[in-house]
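Hi there,

Here is the structure I promised to pass on to you. Have a look at it first, and then read my notes below with the model open beside them.

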Protein chains: 2
Amino acid sequence: MSPTIKDVAQVAGVSIATVSRVVNGRGVKPETERVVLDTIEKLGYHVNLVARSLKTSKTQTIGLLVPDFGPFFMEIAKVIEEVLNGFGYSLIVCSSDENVEREQQRVIMLKEKQVDGMILVPSSEQANHLAEIQAEGVPVVLLDRMVSDFRGDCVLVDNVNGSYLAVEHLINQGYERIGLINGRQEVTTGQERYRGFRRVFEDYNMAVSEDLILNGNFTTESGYALMRQFLESPNPPEAVFVANYYMTIGALLAINELGIKVPESLGLVGFDSMDLTRLANPPLTAVVQPMRELGEEVARLIYERVNGDDSGFPRLLRLKPELVVRESSKMVRGLRTQEGPGSVLKRAHGA
Amino acid sequence: MSPTIKDVAQVAGVSIATVSRVVNGRGVKPETERVVLDTIEKLGYHVNLVARSLKTSKTQTIGLLVPDFGPFFMEIAKVIEEVLNGFGYSLIVCSSDENVEREQQRVIMLKEKQVDGMILVPSSEQANHLAEIQAEGVPVVLLDRMVSDFRGDCVLVDNVNGSYLAVEHLINQGYERIGLINGRQEVTTGQERYRGFRRVFEDYNMAVSEDLILNGNFTTESGYALMRQFLESPNPPEAVFVANYYMTIGALLAINELGIKVPESLGLVGFDSMDLTRLANPPLTAVVQPMRELGEEVARLIYERVNGDDSGFPRLLRLKPELVVRESSKMVRGLRTQEGPGSVLKRAHGA
DNA sequence: TCATTAGCAGTAAACGTTTACATTCTTACT
DNA sequence: AGTAAGAATGTAAACGTTTACTGCTAATGA
């Protein structure tokens with residue numbers, strides 16, 4: 001259908017090698033170049049990158065494998081795309097649905113598509129498929145989550161301290177019964193945030209109420225369900241820390257649905273500051289991760305690796321999160337202490 | 001590096017044609033198949049899709065070109081990915097930044113990558129590059145926006161009626177001075193929403209206040225700036241309709257920043273119901289577009305086209321948006337009529 | 001028993017590039 | 001003018017597949 005290099009060569013009266021050289025800007029005589037360029041224009045020729053890739057064994061494509069297409073990872077994907085695009089690469093994004101088998105399938109698919117490198121947010125501690133790909137010469141950089149027995153580059157956030165900051169803030173505000181809506185313990189982000197949570201209590205010499213730890217799975221649905229569980233329990237927490245963005249949304253949904261007043265009846269610290277956390281009712285105190293930086297770093301790193309720069313392998317970048325204090329965690333002193341135990345619902349509705 | 005079909009053939013002691021047949025599930029004798037399959041397993045062979053694509057001239061890849069990587073289009077991209085993935089296709093997503101030249105570049109790039117088809121959200125009325133691609137045999141489906149002199153498939157939303165519903169609702173609530181934060185007039189979504197706005201006034205036999213129409217460009221920033229302009233003007237509108245999602249966020253930001261009470265001091269109808277509009281303060285009345293359906297339809301359609309089904313070409317799908325009424329547009333009767341003209345700021349702060 | 005056919009497997013060409021190597025054309029120097 | 005060097009171009013192989021064609025084997029029917 002479309003003209004090929006051969007057609008151009010024929011029409012221009014030169015060999016295909018010459019056309020190729022013109023296309024790739026090698027040394028050809030200016031007048032020959034003119035002729036070829038004109039023919040290319042006339043015929044509407046475009047290089048076939050599939051053919052080029054086969055020959056050069058470079059696709060100028062990076063695979064990005066995320067656990068879901070939610071706003072958090074999409075925000076990062078956007079940055080990655082921008083950076084990589086600047087380097088002349090394009091991106092194939094796919095999702096593992098937080099599911100190891102699917103992750104393995106997708107990795108194979110990306111390998112078959114001959115991506116030059118992969119950025120991967122692992123959805124478990126499984127490492128064999130990653131090592132395998134790596135051994136076959138495809139650079140892999142882990143993003144956001146680590147897997148312990150994988151030796152390779154990682155770009156992460158300091159989650160322990162992120163959640164530490166959040167909970168410490170709650171304690172400093174005077175909250176005592178602090179609940180946790182916990183993330184998936186199968187991945188490092190979940191583990192580290194949990195670790196940070198406990199560490200604060202150690203450092204402040206306080207006991208954690210084990211019954212105020214609810215295990216979620218990072219989804220909005222689980223955030224919603226667990227927040228409801230808290231709110232409807234006979235002896236609910238005074239404040240809750242939610243360990244990721246999607247669950248924060250879910251928790252907020254539950255809170256709004258039940259008409260709970262935040263922070264009057266419940267202190268809240270969530271995760272990540274997109275427009276939503278800023279505009280939420282009330283504006284949410286949150287651990288915010290440096291998403292842009294995360295994307296930039298991981299994009300730069302995979303670019304280096306793909307271009308044969310192995311300096312400092314395996315590189316581990318741990319970026320610092322930040323606590324943004326807004327209104328959802330402002331303790332209203334004196335209010336809570338006057339009441340006996342009871343459902344937040346009662347408190348909220350003045351019962 | 002990685003083993004090829006040739007290696008497998010050699011080790012298995014068969015010809016490469018046979019290996020190929022095994023891989024593609026053509027008829028080979030069961031025992032031969034076993035041998036080949038075992039060798040594939042042993043060698044860790046994976047088909048090279050680049051080579052296959054070159055031979056078959058099908059890449060099993062669809063290009064998606066959006067004007068930006070914001071949540072609206074990403075939400076749709078997610079659906080498209082899911083559907084297409086089910087058909088065995090992958091997606092290359094890229095952005096035109098609402099810029100025609102960049103759009104043209106990206107289109108060429110996708111063509112060079114030999115995508116089997118493209119889904120495109122045009123960022124102008126320019127059609128020549130689209131027609132060209134189409135003429136070269138690559139199916140193109142337009143999404144969300146139309147371009148008038150392009151003859152091809154489109155999956156759209158009925159924007160005229162979307163914005164009609166919104167403004168009619170405002171009028172029915174009793175608002176009279178209704179402002180519009182308008183979208184880009186270079187694209188059909190912007191044009192149609194504007195048309196819908198005016199049509200309501202015609203139908204209700206009311207005059208539009210031309211000074212209450214502010215022209216934005218679909219970005220959060222412009223939504224913010226224009227809402228501020230409204231709020232700080234001497235004679236601000238009683239209610240505002242914002243013509244897309246990003247500008248709605250911006251408007252909300254401005255409103256919160258200035259501490260304006262909605263709907264007490266200002267009625268508001270925005271666009272699209274993501275988590276944000278639900279959780280915003282106050283919950284937002286919005287024209288919601290059927291994003292999932294949009295994605296599903298466009299994915300299905302491009303799949304059909306790519307697979308040679310040209311039925312009904314050019315197909316035009318116009319999906320219906322829906323008005324979700326929440327609190328931001330509940331007129332508080334009597335309140336406003338007591339005041340003379342003056343900045344909303346004054347009203348808001350009781351001055 | 002022999003011809004016919006069906007089922008399998010192999011051979012080789014083709015997809016559109018890039019590039020090592022070979023060849024031809026320029027140019028300039030002796 | 002002759003030649004050597006260098007520049008410009010051409011030739012052909014290779015990248016890893018798929019697939020039309022060919023040939024072989026074995027089974028079937030008369």
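**Domains of chain A**

Chain A falls into domain 1 (5–47), domain 2 (57–156 + 291–316) and domain 3 (159–290 + 324–349). Please keep in mind that this is a predicted model. Taken over C-alpha atoms, the centres of domain 1 of chain A and domain 2 of chain A are 37 Å apart.

**The two DNA strands**

Let's begin with DNA strand D. Which residues come nearest to it? There are 26 residues around DNA strand D, and the nearest are Ser15(A), Thr18(A), Arg21(A), Thr32(A) and Ser20(B). By class, this surface has 10 nonpolar, 10 polar and 6 charged residues. Both protein chains take part: α2 (16–23) and α4 (49–56) of chain A, and α2 (16–23) and α4 (49–56) of chain B, each supply at least two residues. The element that gives the most is α4(B), with 4 residues.

Of the atoms of DNA strand D within 4 Å of the protein, 58% belong to sugar or phosphate, and the rest belong to bases.

- Arg21(A) has a polar side-chain atom 2.7 Å from a base nitrogen of DNA strand D.
- Lys55(A) has a side-chain N or O atom 3.0 Å from a base nitrogen of DNA strand D.
- Asn48(B) uses a backbone N or O atom, which lies 3.3 Å from a phosphate oxygen of DNA strand D.

Now turn to DNA strand C. Around it are 25 residues, of which Ile5(A), Ser20(A), Thr18(B), Arg21(B) and Thr32(B) come nearest. Sugar and phosphate make up 61% of the atoms of DNA strand C that come within 4 Å of the protein. The surface near DNA strand C divides into 10 nonpolar, 9 polar and 6 charged residues. Here, too, α2 and α4 of chain A and α2 and α4 of chain B each supply at least two residues. For DNA strand C the largest share, 4 residues, comes from α4(A).

These are contacts to look for on DNA strand C:

- Arg21(B) places a side-chain N or O atom 2.6 Å from a base nitrogen of DNA strand C.
- Lys55(B) has a polar side-chain atom 2.9 Å from a base nitrogen of DNA strand C.
- Asn24(A) has a side-chain N or O atom 3.2 Å from a phosphate oxygen of DNA strand C.

**Cavities**

Rolling a probe the size of a water molecule over the atoms shows where empty space is left. How many cavities of 30 Å³ or more does a search of the whole structure find? It finds 2.

The largest cavity has a volume of about 160 Å³. It is lined by 14 residues, and Met74(A), Val93(A), Met74(B), Ala77(B) and Val93(B) are the closest to its centre. In both chain A and chain B, α5 (71–86) and β2 (90–95) each supply at least two residues of this lining. The lining has 10 nonpolar and 4 charged residues, and no polar ones.

The second largest cavity has a volume of about 120 Å³. Its lining also counts 14 residues. Nearest its centre lie Phe72(B), Phe73(B), Asp144(B), Arg193(B) and Asn244(B). In chain B, α5, α9 (188–203) and α11 (245–258) each supply at least two residues of this lining. At least three residues come from each of domain 2 (59–157 + 291–320) and domain 3 (159–289 + 324–349) of chain B. By class, the lining has 5 nonpolar, 3 polar and 6 charged residues.

**Aromatic pairs**

Over all chains, the search finds 12 aromatic pairs. One of them is formed by Phe241(A) and Phe271(A): the ring centres are 6.0 Å apart and the planes are at 40°, so the pair is tilted. Phe241(A) lies in strand β8 (residues 239–242) and Phe271(A) in strand β9 (residues 267–271) of chain A, so the pair ties together parts that are 30 residues apart in sequence.

**Backbone details**

Most residues other than glycine have a negative phi, and most peptide bonds are trans. Here are some exceptions to look up:

- Val262(A) and Pro263(A) are joined by a cis peptide bond, with omega about 5°. Pro263(A) sits in the loop between α11 (245–258) and β9 of chain A.
- Phe313(A) and Pro314(A) are also joined by a cis peptide bond, with omega about -10°. Pro314(A) is in the loop between α13 (291–306) and β11 (316–319) of chain A.
- Phe218(A) is not a glycine, yet has a positive phi of about 80°. Its place is in the loop between β7 (213–215) and α10 (220–232) of chain A.

Enjoy exploring!

Definitions and conventions. Residues are numbered from 1 along each chain as its sequence is written. Chains are lettered from A and ligands numbered from 1 in the order in which they are written. This is a predicted model: local features need pLDDT of at least 70, side-chain atom pairs count only at pLDDT 80 or more; totals for chains, interfaces and linings use all residues. Side-chain values use heavy atoms; hydrogens and water are left out. On a 1 Å grid over the protein atoms alone, a cavity is a set of points where a 1.4 Å probe fits but cannot get out, and a pocket is an open set with protein on both sides within 12 Å along at least five of seven lines; lining residues have an atom within 4 Å of a point. Grid points are joined across faces, edges and corners, and a volume is the space filled by probe spheres set on the points. Ala, Val, Leu, Ile, Met, Phe, Trp, Tyr, Cys and Pro count as nonpolar, Asp, Glu, Lys and Arg as charged, and the others, Gly among them, as polar. Domain bounds come from an automatic or database domain assignment. A residue is near a molecule or strand if one of its heavy atoms lies within 4 Å of it. A polar contact is a pair of N or O atoms within 3.5 Å; within protein, one must be able to donate a hydrogen and the other to accept it, and residues adjacent in sequence count only if both atoms are side-chain atoms. Rings of Phe, Tyr and Trp (its six-membered ring) pair if their centres lie within 6.5 Å; planes under 30 degrees apart count as stacked, over 60 as edge-to-face and the rest as tilted.
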